[in-house]
Every structure is written in C-alpha cells, then in structure tokens.
Amino acid sequence: MLDLVLALIVAVMLVAGGIFVFLAALGIVRLPDVYTRMHAASKAGTVGSGLMLFAAGIHSLDIAIFMRAFAGFVFFVLTAPVGAHLLARAAHKAGYRLARVSTVDEMRDSERRDAKKR
Amino acid sequence: MGAETILSAASTLALGLMCVAFFLTAWRVIRGPTLPDRIVALDMLVAIAIGFIAVIAIRTGFNLYIDIAIALGLVGFLATVAFARFVLSHGMSEDGEDPALVPDRPQRGKGRRKGRAR
C-alpha cells in the first residue's frame with residue numbers, strides 16, 4: 001500500500017516536471033525577445049527539472065540521497081535567478097532592445113535621467 | 001496496476017515531454033537571432049539535461065546519477081555567468097543579427113563600434 005502511494009507521488013511529480021519543462025521550451029520558442037524568453041526559461045525550466053530531482057530523491061527512500069537531491073534543488077532555485085539577472089543586465093547594457101510590443105523600459109529611462117543629471 | 005507500472009508509464013511520459021522540449025530549445029539555439037537568445041537556450045538545455053538525468057536515475061535505480069546532476073548544474077551556472085560577462089565586455093556584435101534588434105542609440109562604455117555609419 002505504502003509502495004503504491006509512494007509510486008503515485010513520484011509519478012505525479014515526474015509528469016508535473018515534464019509539463020513544466022515543456023511549457024518553458026514552448027515559451028522559449030514563442031516569446032518575442034530575449035528578456036521574455038529568459039523569464040520563461042529561468043522560472044518554469046528550473047521548477048521542472050527541480051521537481052524531477054526531488055522525485056528522484058523521494059524514490060530512493062534513503063535520507064542521505066534525499067538530502068543530496070534536496071541540496072541540488074535548492075542550488076538550482078538559488079542560481080537560476082542570479083544567472084538570468086546577470087544575463088539580462090549584460091544584454092540591456094550591451095544594447096539589446098526590448099520587443100516592440102513592450103510598453104515600459106524603466107532601466108533605460110533611469111539611465112537617461114542619470115545621463116541628463118550629469 | 002502495480003507501482004512498477006505507474007512509475008514506468010510516468011517516466012516514459014516525462015521522457016517524451018522532455019524530448020519535445022529539448023528539440024524546441026535546440027531549435028532556438030540554432031535559430032536565435034541574437035547571442036543572448038542562444039545563451040538563454042543553452043541554459044535551458046542544461047536544465048533539461050538535469051531533468052533527463054533525474055528520470056534515468058529513477059528508471060534504473062542507480063542513485064549516483066543525482067550527484068552527476070548536481071555537478072552539471074554547477075557547470076551550467078558557471079557557463080551562464082561567463083557568457084554574461086562576455087556579453088557585457090564585448091558589447092553587441094552587429095554582423096548576422098536581426099536588424100530590427102539593433103539599437104538606435106550610440107553605444108557607451110567599452111562597447112566596440114564596428115564602423116557602421118548611421
């Protein structure tokens with residue numbers, strides 16, 4: 001009985017992770033510019049692969065392996081926003097513009113204000 | 001329906017979803033109009049590979065794969081940071097990119113200008 005419940009939990013986590021990863025890839029293909037693509041990849045993609053790692057940790061039924069998988073999950077969740085922010089900042093500073101449909105670019109506005117003040 | 005059947009079906013479904021996601025992301029790496037697009041897609045490919053490794057760990061019951069996933073996540077984060085530094089220091093490369101994305105403002109800082117008169 002416990003075996004079945006555990007298998008069900010792991011299966012649900014696996015399928016949910018797969019759906020998250022698939023939606024992230026769909027966002028990467030369909031969204032209009034690099035900043036919106038980054039937002040799809042770094043949130044949905046991280047949650048998807050993190051869920052799968054978590055499922056692998058639960059499936060092992062060993063506290064040492066589960067803690068390792070949990071540490072990996074925490075590491076991904078911590079590093080994905082940092083990497084995405086670094087890349088977005090670098091791309092914006094290098095001059096890659098937002099897509100035409102976007103309405104507000106507060107970073108460019110504040111840079112212009114600073115340039116005017118000087 | 002036993003636990004084995006549920007797990008096998010769920011992991012097969014997750015592997016299929018991730019295969020589709022992998023090919024969509026690879027299409028963005030090949031197609032991507034700008035360098036940051038490709039970097040975001042490569043970061044996503046690392047996340048998908050981590051998901052693959054986790055599912056294979058569940059299917060084979062070989063728990064050492066989780067450590068490999070953690071190591072891959074470390075390498076992927078470092079690669080993203082290094083690419084972001086590269087974009088920041090190198091500026092926009094103007095050849096072979098979508099002309100709609102080339103900015104109308106002059107580049108500042110260390111960004112190299114490749115002598116295109118505007």
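Leaving aside neighbours within four places in sequence, B:P36 is in contact with A:V34, A:L87, A:A91, A:Y96 and B:V87, where contact requires C-beta atoms, placed from the backbone, to lie within 7 Å. This is a predicted model, in which local features need pLDDT of at least 70 and side-chain atom pairs count only at pLDDT 80 or more, while totals for chains, interfaces and linings use all residues. Residues are numbered from 1 along each chain as its sequence is written, and chains are lettered from A and ligands numbered from 1 in the order in which they are written. The model scores ipTM 0.88 and pTM 0.83.

- B:P36 belongs to helix α2 of chain B, residues 35–60; helices are DSSP runs of H or I with at least four residues, strands are runs of E with at least two, and both are numbered from the N terminus.
- B:P36 is buried, as 26 other C-beta atoms lie within 10 Å; the term buried applies at 20 or more other C-beta atoms within 10 Å of a residue's own, exposed at 12 or fewer, and partly exposed in between.
- A distance of 14 Å separates the C-alpha atoms of B:P36 and B:A26, which are ten residues apart along the chain.

**Chain B**

- Chain B contains three helices and zero strands, and its pattern along the sequence is α-α-α.
- Of the 118 residues in chain B, 35% are buried.
- Among contacts in chain B between residues at least 6 apart in sequence, 43% join residues at least 24 apart.
- The average pLDDT of chain B is 82, and 78% of the residues score at least 70; pLDDT is the predictor's confidence in each residue, from 0 to 100.
- In residues 102–118 of chain B the pLDDT is below 50, and this stretch has 15 contacts in the model beyond near neighbours in sequence.

- The contact of α1(A) with α1(B) comprises 27 nonpolar, four polar and two charged residues; Ala, Val, Leu, Ile, Met, Phe, Trp, Tyr, Cys and Pro count as nonpolar, Asp, Glu, Lys and Arg as charged, and the others, Gly among them, as polar.
- The axes of α3(A), residues 63–94, and α3(B), residues 65–90, come within 9 Å and cross at roughly 10°, so these two helices are roughly parallel to each other.
- The contact of α3(A) with α3(B) has 17 nonpolar, five polar and three charged residues.

**Interface and core**

- The contact between the chains takes 50 residues from chain A and 49 residues from chain B.
- On the side of chain A that touches chain B, α1(A) provides the largest share, 18 residues.
- The largest nonpolar core has 63 residues, of which A:A24, A:L53, A:A55, B:M44 and B:A54 touch the most other members; such a core is a set of buried Ala, Val, Leu, Ile, Met, Phe, Trp, Tyr and Cys residues joined through C-beta atoms within 7 Å.
- α2(B) gives the most to this core, with 14 residues.
- Not counting residues up to four places away in sequence, A:L53 touches A:A69, A:G72, A:F73, B:I50, B:A54, B:I66 and B:A69.

Notes: Contact = placed C-beta atoms within 7 Å. Axes fitted to C-alpha atoms, helices over the stretch in contact; angles between N-to-C directions. Parallel < 35°, antiparallel > 145°, perpendicular 65-115°, else oblique.
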